[in-house]
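Please consult the sequence and the structure alongside the text.

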Amino acid sequence: MTFDLKITGGLIHDGEGGEPYSAEIGIIDGKIAEIGSGLGEARRTIDAAGCIVTPGFIDLHSHFDGQATWDDRLEPSVCHGVTTTVMGNCGVGFAPVHKTDHERLIKLMEGVEDIPGTALAEGLKWNWDSFPDYMDALEAQNRTIDIAVHIGHDPLRVYVMGDRAIADEDATDADIATMRDLVRAAIEAGAIGFSTGRSDVHKTADGDFTPSSEATARELAGIASAFQGLDYGVVQAVSDFDLEREGDRFEAEWKVLEAYVKAAGGRPFSMSLMQRDFAPDQWKQILGKAEEMKRQGVDMRVQVAPRGIGVFLGLQCTFHFFMGYPSYKKIAHLPFDERVAIMKTPEFKAQILSEKTDKLSGPGSSIPPLADLLMEHIDFVATKLFRLGDNPDYEQPPEQSLAAQAEREGIPLMEKLYDTVLERDGQELIYFPIYNYTEGDYGNVHTMMTHPQALQGLGDGGAHVGTICDASTPTYLMSYWTRDRTRGPRVPLPRAVQMLTSDITDYLGLKDRGRIKVGQKADLNIIDHERLNVLPPYMVKDLPAGGQRLLQKATGYRATLVSGVPVVLDDVVTDERPGRLVRAGR
């Protein structure tokens, strides 16, 4: 037997959480054909000496819905060992769609996921109408990694209800029946599941609540009934439980989600889980409800992140501390270098530091009220503002915060923030772990990650491109949590691999990947674990229409294979494009 490719000398972590073992892997026609020692000849051999070999990582939560239609690289995910990514989370997406609603869906994605509307307008081909048509369009293009996609509630609601979808109107029985039928058709065509978004933080580019955030329990349950009788497909949701509205609405919102999940005919369900400063114990309530659902026989999971869910603030980013100041707004239209030059002058600095910020949110603004709340409490917020550094440190103690530095230096906080954003010629990025860092460490993150109903997720690849770069979290979990962490317990390496592979494929029902076994798809990582690290994020302008986004690379990936084809070699993306659309239930 002659193999297409053979991997030798590596220590195999097979994705099931057990002890690693040494063996060779032989690959034929994109699948693992044999595992053992002294395997036969191969047309190509990769020496994995000194490395671990793992299944390819599964990214459960991304937003490449637009980017995947024009971009065949799918960075930064491919740079972090990801071989399959799941798009269409949080209820947003681009199908189904009427031709008259293209701009409306662009504004939804721009507001909710911070993807430049100009980039979407230029990049999207719109050669689809129905969701199955959209999947066909995705399937027609090859890319580095495999993709799977949810059908999202927002475009579905707009497609069926038109203007009524965004006018805070309840869906009629006929609306619900049509939405249910369209979801059923999408799932039968291979959609991985259905997603809904119920977060007040999510706004359109015009500052409106998203269509799905206002849906009733009756509507959600009616749509979810599309899954009844099917043995595949998942349902997903994001909710902040109406934190920005009056009163304690947790129980009322939970009843909506419970009706939604229980109507889905026993299909697995997951929702985002994080600690919010303004409701620091809510995550415990959610876990308690998840455990109760599990006892009732509902396969409920929570999607968690392995670090603070943080935003980057800087003059290049979507947000920074001075964007609401009158003097800054007068120069905001100028090219970046000109703005920086003006801000470096003593006169401008003195003027802006004498001012107060205007309100950022409100009618016509996609900026959530949370941004104004953070500026109102900037003295507290600054205790969680950090320079990330050349060797990114995401778990820094409060004494390293910019607030602590300003106090030690004896200067006003806003002056410290002003000077910091101008460092490196205005390219400095300030890290703000907005969620999961209330206590200034990862104690609660560890509790979430190790919960038996937890799934690794929330990387948001392709989204929040001007503020967030969390698609690097697979590399972070595999390096920081298994090797470098000193401020608390670590995660065993075999378990970390399992969290990124078979835990997720078992939930999704993808039986052909997630483990190193004969017959499985040859999606594999060869990792020099000692060299594995995330590099600092940086801003690039490579989106359509000159749009910018944050990227973050890694070191330590000797190879990443998709269907036995190297898409990364020695940390560099290759020209190979073996990635395909994954159709669930096939």
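Strand 13 (residues 269–272) and strand 14 (residues 300–304) are paired in the parallel sense over 4 bridges, and Phe269 has Met300 as its bridge partner in strand 14. Two strands are taken to pair if DSSP finds at least two bridges between them. Helices (H or I, at least four residues) and strands (E, at least two) are DSSP runs, numbered from the N terminus. The model is a predicted one, in which local features need pLDDT of at least 70 and side-chain atom pairs count only at pLDDT 80 or more, while totals for chains, interfaces and linings use all residues. Residues are numbered from 1 along each chain as its sequence is written, and side-chain values use heavy atoms, with hydrogens and water left out.

Contact means heavy atoms within 4.5 Å.

Strand 9 is largely enclosed by the rest of the structure, because 6 of its 6 residues are buried. Here buried means under 20% relative accessible area and exposed over 50%, with partly exposed in between (1.4 Å probe, protein chains only). Strand 9 pairs with strand 8 in the parallel sense over 3 bridges, and Thr85 in strand 9 stands opposite Asp59. Strand 9 also runs parallel to strand 10, to which 4 bridges join it; Met87 has Val149 as its bridge partner in strand 10.

An open sheet of 7 strands has mixed pairing and the order 3-2-7-19-24-25-26. Strand 3 (21–22) and strand 26 (572–573) are its edge strands, each pairing on one side only. Within this sheet, strand 19 (residues 524–527) and strand 24 (residues 557–562) run antiparallel and are joined by 4 bridges, with Ile526 opposite Ala559 in strand 24.

In a regular strand the side chains alternate between the two faces of the sheet. Strand 1 (residues 5–8) is covered on both faces: Leu5 and Ile7 on one side, and Lys6 and Thr8 on the other, are all buried. Strand 1 is joined by 3 bridges to strand 4 (residues 24–28), the two running antiparallel, and Lys6 stands opposite Gly26 in strand 4. With strand 6 (residues 45–47), strand 1 pairs in the parallel sense over 3 bridges; the bridge partner of Thr8 in strand 6 is Asp47.

**Helix 19**

Helix 19 (residues 493–500) is largely enclosed by the rest of the structure, because 7 of its 8 residues are buried. The buried residues are Leu493, Pro494, Ala496, Val497, Gln498, Met499 and Leu500. They pack against strand 7 (52–55), strand 8 (57–59), helix 17 (443–449), strand 18 (454–456), helix 18 (473–484) and helix 20 (502–508).

**Lys384**

Lys384 is placed in the loop between helix 13 (378–381) and strand 16 (386–387) and counts as buried at 5% relative accessibility. Apart from neighbours within four places in sequence, Lys384 has contacts that include Asp277, Ser401, Tyr431 and Phe432.

**Backbone features**

Most residues other than glycine have a negative phi, and most peptide bonds are trans.

| Cis peptide bond | Omega |
|---|---|
| Glu75 and Pro76 | about 5° |
| Ala95 and Pro96 | about -5° |

Pro76 is found in the loop between strand 8 and strand 9, and Pro96 in the loop between strand 9 and helix 1 (102–113). Arg424, in helix 16 (residues 423–426), has a positive phi near 55° and counts as exposed at 51% relative accessibility. Asn436 has a positive phi near 75°; Asn436 lies in the loop between strand 17 (430–435) and helix 17 and counts as buried at 2% relative accessibility.
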